[in-house]
Amino acid sequence: MTEYQFAPETVRVAVGAVVGWSNDGTTSHTSTSDATGVWNSSAVAPPGPPPMTCPYPPCGNTPGGTFGFTFNARGTYPYHCAFHEALGMKGVVIVQ
C-alpha cells in the first residue's frame with residue numbers, strides 16, 4: 001500500500017499462501033475483499049514519526065501497519081481500499 005495504489009496490483013500465489021499488505025504511504029488504507037465477508041483489514045496505519053525514545057535525530061520512522069490473509073482456495077479475488085476505491089485503489093489476488 002502506498003499513495004493510493006497497491007503495488008503490485010496483481011499477485012499470483014499458491015493455495016495456502018499468506019498474502020501480506022504493508023502501508024508505506026502517508027495515510028491509512030484497507031485491504032478489503034470485493035466479495036462481502038471474505039476479508040477486511042480495517043484501517044492499516046501509515047508509518048509514524050520516530051519513537052519518543054529516539055536519543056537524537058535522525059532516527060527512522062516507525063514502520064507502517066501490516067495485514068495478512070491466508071488464501072485456502074483457488075480463485076480470483078479482487079479487492080480494494082475502502083477509503084480510496086473511488087481513486088482507483090484496487091488489486092487482485094490470483095490463487096492457483
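Predicted model: local features only at pLDDT ≥ 70, side-chain atom pairs only at ≥ 80, totals over all residues.
# Chatting through the strands, rings and core

Q: How many bridges join β3 to β5, and which way do the two run?
A: There are 2 bridges joining β3 to β5, and they run antiparallel. Strands here (E, at least two residues) are DSSP runs, numbered from the N terminus. Residues are numbered from 1 along each chain as its sequence is written, and side-chain values use heavy atoms, leaving out hydrogens and water.

Q: Ok, what's the bridge partner of Thr32 in β5?
A: That's His80.

Q: And what order do the strands of the open sheet come in?
A: The 4 strands go β1-β6-β5-β3, with mixed pairing. The edge strands are β1 (10-13) and β3 (32-33), each pairing on one side only. Two strands pair if DSSP finds at least two bridges between them.

Q: Switching topic: where does His84 sit?
A: In the loop between β5 (75-80) and β6 (90-95).

Q: Is His84 buried or exposed?
A: His84 is buried, because its relative accessible area is 11%. Buried means under 20%, exposed over 50%, and partly exposed in between (1.4 Å probe, protein chains only).

Q: What does the His84 side chain make a polar contact with?
A: The side chain of His29, at 3.0 Å. A polar contact is a pair of N or O atoms within 3.5 Å; within protein, one must be able to donate a hydrogen and the other to accept it, and residues adjacent in sequence count only if both atoms are side-chain atoms.

Q: Now the rings. How many aromatic pairs does the count come to?
A: It comes to 10. Rings of Phe, Tyr and Trp (its six-membered ring) pair if their centres lie within 6.5 Å; planes under 30 degrees apart count as stacked, over 60 as edge-to-face and the rest as tilted.

Q: Why is the pair of Trp21 and Tyr79 edge-to-face?
A: Their planes are at 75 degrees, with centres 5.4 Å apart, so the pair counts as edge-to-face. Trp21 is in strand β2 and Tyr79 in strand β5, so this pair ties together parts 58 residues apart in sequence.

Q: Are those two buried or exposed?
A: Trp21 is buried at 6% relative accessible area, and Tyr79 counts as buried at 2%.

Q: Which residues do ring pairs link into a cluster?
A: Phe6, Trp21, Trp39, Phe67, Phe69, Phe71, Tyr77 and Tyr79.
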